Amino acid sequence: MTPDPGSESPESTEPPEADRLRELLRTPAYRKLLIFSALIGIPISLAAFGFLVGLHELEHVIWADLPKAWGWDTPPAWWPLPLLAVAGLVVGLVVTHLPGAGGHIPAYGLQAGGASAAALPGVIIAAAASLPLGAVLGPEAPLIALGAGLAMLFRQLVRAPATPQSTALLYSAGAAAAIAAIFGNPLIAAVLLIEVAGVGGPQLFIVMLPALLSSGVGAVVFTGFGRWTGLETGSLTVHFPTSPPRLDTGDVVWSIALAAGVGALLHLVIIGGRLTVVFVAGSPLVRTVTCAVAAGGCAALYAVITGRTPVEVASSGQATLAGLAADPHAWGVGALLAVLLFKSAAYALCLGSLRGGLVFPALFLGAAAGVLLAPLPGLGVIPGVAVGMAAASAATLRLPVSSVALVVLVLGNSETIPVVILASVTSFITAELLPKGPSTATHLPRDKAAARRPQEKTAGGA
């Protein structure tokens with residue numbers, strides 16, 4: 001007798017993946033792995049916190065306390081040159097003499113593999129030399145390597161069995177515990193690691209891009225009609241007492257154009273970073289120093305031309321971004337154009353020579369572009385900054401969902417989410433359709449190239 005399709009039990013309609021998940025959760029080995037991941041999250045988070053505090057304090061001493069002790073209110077124009085020369089020398093020595101070459105090359109995006117306990121000393125030394133001394137890079141990539149390397153070290157200490165699956169899971173757990181320290185939000189760390197690890201492969205992006213884009217367009221429509229008519233559809237939202245900016249047609253139209261432009265600009269910067277990798281590979285020690293000093297020269301020239309502090313070009317841009325957002329009118333058109341030019345050049349040089357992450361300088365460049373173009377009819381500063389940051393992040397990381405989540409977290413403004421989504425998708429597509437730079441595996445050390453090939457199209461692999 002043929003069963004009636006309408007009489008099937010709910011369990012029979014579940015996909016096979018649901019059964020596999022339940023079977024996995026019943027496995028003692030997997031439950032032990034979950035407990036172990038929770039336990040190692042404590043020391044890894046503490047280590048990441050200490051690492052970030054150390055970098056911050058050292059940067060403050062070098063860029064604030066020392067100049068003031070020697071009679072300057074702000075660092076003189078030449079200040080970045082000797083600092084970045086030292087950074088280049090230390091990183092060059094790490095790359096040529098220590099296991100792991102100081103971590104992955106930032107010009108090729110965040111990576112989901114390759115960290116080991118043996119590479120930890122080189123990662124820490126290279127980051128400590130690069131970031132406080134003025135490298136135009138952020139701390140997120142060293143944090144990922146630190147968390148993943150510590151997870152591998154703890155596994156060795158307890159002599160836990162090593163399988164490909166457990167290695168991948170522990171790597172992600174350790175990296176997420178560390179990266180949450182810099183973004184201050186575990187959700188961002190989880191979303192970032194999902195995209196960096198390439199869970200689902202290219203199919204993830206094939207599915208997510210239309211979904212992300214349609215959700216952004218839908219939000220614009222619902223928000224617009226809700227305000228135009230005064231009607232409410234009912235939604236799960238949290239209302240803040242402050243008045244949010246109201247998006248209009250100008251914001252939406254300009255967000256697409258601005259995102260395409262910022263995406264193209266940041267893509268060129270990434271290609272410049274990869275060309276720098278090609279240059280450095282010929283003589284890692286000498287040419288790393290050369291590129292680092294050239295990045296310092298960009299900061300010095302900016303200070304001479306504009307009369308502003310060189311720290312606005314040197315360093316990650318995290319503190320400068322806060323100042324830009326707090327008082328965007330303190331920056332004239334000339335200063336904004338100069339910082340975009342010189343910081344982009346220094347960023348490209350550091351991406352291919354020193355060690356760090358891509359996120360913070362990209363966010364600053366996107367925000368600066370947004371402030372520069374904010375006077376366009378119907379745009380405004382807050383939507384311009386939001387669009388610029390989302391576009392820059394998506395173009396550099398090639399992680400559109402993470403870019404949206406990150407910018408929304410940074411801005412703390414849910415009203416700009418629709419244009420942030422549109423900007424992220426537009427920039428991602430623009431960067432993906434533009435010509436690629438030099439091949440990733442061609443210029444990486446052999447061990448890194450082998451680890452990188454399976455994930456070439458994830459984690460920022462333009």
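This is a predicted model: local features need pLDDT of at least 70, side-chain atom pairs count only at pLDDT 80 or more; totals for chains, interfaces and linings use all residues.
Me: OK, and how far does H15 reach?

Reply: From first C-alpha to last, the 12 residues of H15 (400-411) reach 17 Å, close to the 16 Å expected at 1.5 Å a residue. That expected span is 1.5 Å times one less than the number of residues.

Me: Which of its residues are buried?

Reply: In H15, Pro400, Ser402, Ser403, Val404, Leu406 and Val407 are buried. Buried means under 20% relative accessible area, exposed over 50%, and partly exposed in between (1.4 Å probe, protein chains only).

Me: Switching topic: how many aromatic pairs are there?

Reply: The count comes to 6. Rings of Phe, Tyr and Trp (its six-membered ring) pair if their centres lie within 6.5 Å; planes under 30 degrees apart are stacked, over 60 edge-to-face, the rest tilted. Take Trp72 and Trp78: their ring centres are 5.8 Å apart and their planes at 80°, so they are edge-to-face.

Me: Are those two buried or partly exposed?

Reply: Trp72 is partly exposed at 31% relative accessible area, and Trp78 is partly exposed too, at 43%.

Me: What about Tyr302 and Phe342, how do their rings sit?

Reply: Their centres are 6.5 Å apart with planes at 65°, so that pair is edge-to-face. The pair links distant parts of the chain, Tyr302 in helix H10 and Phe342 in helix H12 (residues 333-353), 40 residues apart. Both Tyr302 and Phe342 are buried.

Me: Where's Thr288, and what does it touch beyond its sequence neighbours?

Reply: Thr288 is in helix H10 (residues 284-306), and it's buried because its relative accessible area is 2%. Leaving aside neighbours within four places in sequence, Thr288 contacts (heavy atoms within 4.5 Å) Gly88, Val91, Gly92, Val280, Ser283, Ser353 and Leu354.

Me: Last one: is Pro377 buried or exposed?

Reply: Exposed, with a relative accessible area of 62%. Pro377 lies in the loop between helix H13 (359-373) and helix H14 (381-397).

Definitions and conventions:
Residues are numbered from 1 along each chain as its sequence is written. Side-chain values use heavy atoms; hydrogens and water are left out. Helices (H or I, at least four residues) and strands (E, at least two) are DSSP runs, numbered from the N terminus.
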